[in-house]
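Dear colleague,

I am passing on the structure that we talked about, and below it you will find my notes on what came out of it. Please read them with the model open beside you.

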Amino acid sequence: MRIWVRTVLLLAMVLGPGCNRSSSPGTTGGEANSGKKGAKPKIVFITNIVDPFWNVAAAGVRAAAKEFDADCQVEMPAKGSIVEQKRLVETAMVRGVDGIAISPIDAKNQVDLINQVSQQAKVITQDSDAPDSKRLCFVGMDNYKAGRAAGELVKEALPEGGKVMIFVGRLEQLNAQQRRQGVIDALFDRPSQALAQMQYDAPGKEISGGKYTIISTRTDNGDYLRAKSNAEDAMSAYPDLACMVGLFAYNTPACLEAVKEAKKTSKIKLVSFDENDGTLQGIIDGHVYGTVSQQPYLYGYHSVRILAALVRGDNSVLPPKKFLEVPIKLVKKQNVEAFWTELKKLRAG
């Protein structure tokens with residue numbers, strides 16, 4: 001009897017509460033379903049804030065969940081804070097998820113969190129990267145290249161030059177830093193930089209060169225009301241402001257509201273990122289010159305595709321150099337209606 005009891009206890013200690021998990025040789029982390037035939041990988045897609053931008057990505061998540069037979073959830077931190085995002089990650093781990101695709105709010109200060117989670121699950125980054133972490137790959141656009149594209153839009157909108165202001169949620173995110181630098185380098189005709197050796201202009205100083213002057217970069221920490229007030233303050237402080245560049249999806253719609261109320265739609269050019277409905281309508285109305293779309297639907301789709309395969313032990317899905325580049329789309333007056341029609345179809349999916 002004592003031998004039987006000791007045997008049961010020993011098995012319980014070996015199997016523990018995670019006895020339903022199995023692993024495959026040569027894999028690390030996120031192995032809950034990799035050896036369990038027919039099991040659905042549990043995947044969570046974590047954004048950096050609540051925004052319509054992420055609803056498009058969520059549609060991609062849903063499509064990939066069906067195609068690759070995965071159990072997926074999309075989680076959005078309501079206030080866009082690091083604390084909220086960390087809580088969503090920790091909750092996901094308690095649920096025993098196999099894979100996480102995260103858009104880090106503060107790449108440098110979230111390396112430890114990502115590394116810890118990587119010991120238990122497959123982790124990739126999307127939208128914004130954390131290259132110093134142990135994430136398996138990054139899914140997203142080349143944010144520096146996209147920033148340069150936005151800078152070229154500013155040149156088209158403002159060929160004679162002028163004063164420019166940049167607006168963004170926060171500069172702790174690597175994607176924001178790279179987009180901003182891309183805009184600056186393009187405006188001043190600087191050579192392209194390599195991402196690994198990127199040199200950044202300090203955000204607190206005025207930058208001048210040739211026909212353009214970048215007055216400053218204003219941040220709002222994800223507060224939409226503050227985003228609008230930043231635009232209002234900029235117009236008040238600089239009556240000769242010629243262009244506003246919004247680096248996050250909600251920035252340009254907030255700027256547009258402020259510009260309309262100030263009756264300056266004919267004086268201030270607007271250049272945007274992403275595909276907010278307000279931005280697209282602004283392009284149709286002639287109030288926004290253009291926007292750089294990063295195709296968030298593909299962020300969701302490819303994140304799930306890659307994680308589902310990794311959990312099942314297929315590492316061949318990892319992209320070269322651990323970077324799956326999603327191509328950008330430039331949206332201007334001539335293609336905005338066709339773009340918006342397609343976007344509505346994706347959102348409905």
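Helix α11, residues 336-348, has 13 residues and reaches 18 Å from its first C-alpha to its last, close to the 18 Å expected at 1.5 Å a residue, where the expected span is 1.5 Å times one less than the number of residues. Helices (H or I, at least four residues) and strands (E, at least two) are DSSP runs, numbered from the N terminus.

Before going further, please note that this is a predicted model, in which local features need pLDDT of at least 70 and side-chain atom pairs count only at pLDDT 80 or more, whereas totals for chains, interfaces and linings use all residues. Residues are numbered from 1 along each chain as its sequence is written, and side-chain values use heavy atoms, with hydrogens and water left out.

Within α11, the residues V336, F339, W340 and L343 are buried, a term that means under 20% relative accessible area, with exposed meaning over 50% and partly exposed in between (1.4 Å probe, protein chains only). Seen down the axis of α11, the buried residues fall within an arc of 95 degrees, so they line one face of the helix; the arc is that of the directions from the helix axis to the C-beta atoms. An α-helix has 3.6 residues a turn, so residues three or four places apart point the same way. On the face of α11 turned away from the buried side are the exposed residues E337, A338, K345 and A348. The cover over the buried residues of α11 includes α2 (52-67), α9 (277-285), β11 (290-293) and β13 (329-331), counting as contact heavy atoms within 4.5 Å.

With β7 (residues 207-209), β8 pairs in the antiparallel sense over 3 bridges, and here I207 stands opposite I214. β7 and β8 form a hairpin with 2 residues between them, and G210 in the turn has a positive phi of about 65 degrees.

How many aromatic pairs are there? The count comes to 6, under the rule that rings of Phe, Tyr and Trp (its six-membered ring) pair if their centres lie within 6.5 Å, planes under 30 degrees apart counting as stacked, over 60 as edge-to-face and the rest as tilted. The rings of F45 and W54 have centres 5.9 Å apart and planes at 65 degrees, so this pair is edge-to-face. F68 and Y301 also form an edge-to-face pair, 5.7 Å centre to centre with 65 degrees between the planes, and this pair links distant parts of the chain, with F68 in the loop between α2 and β2 (71-75) and Y301 in helix α10 (residues 296-311), 233 residues apart.

With kind regards

Terms used: Two strands pair if DSSP finds at least two bridges between them.
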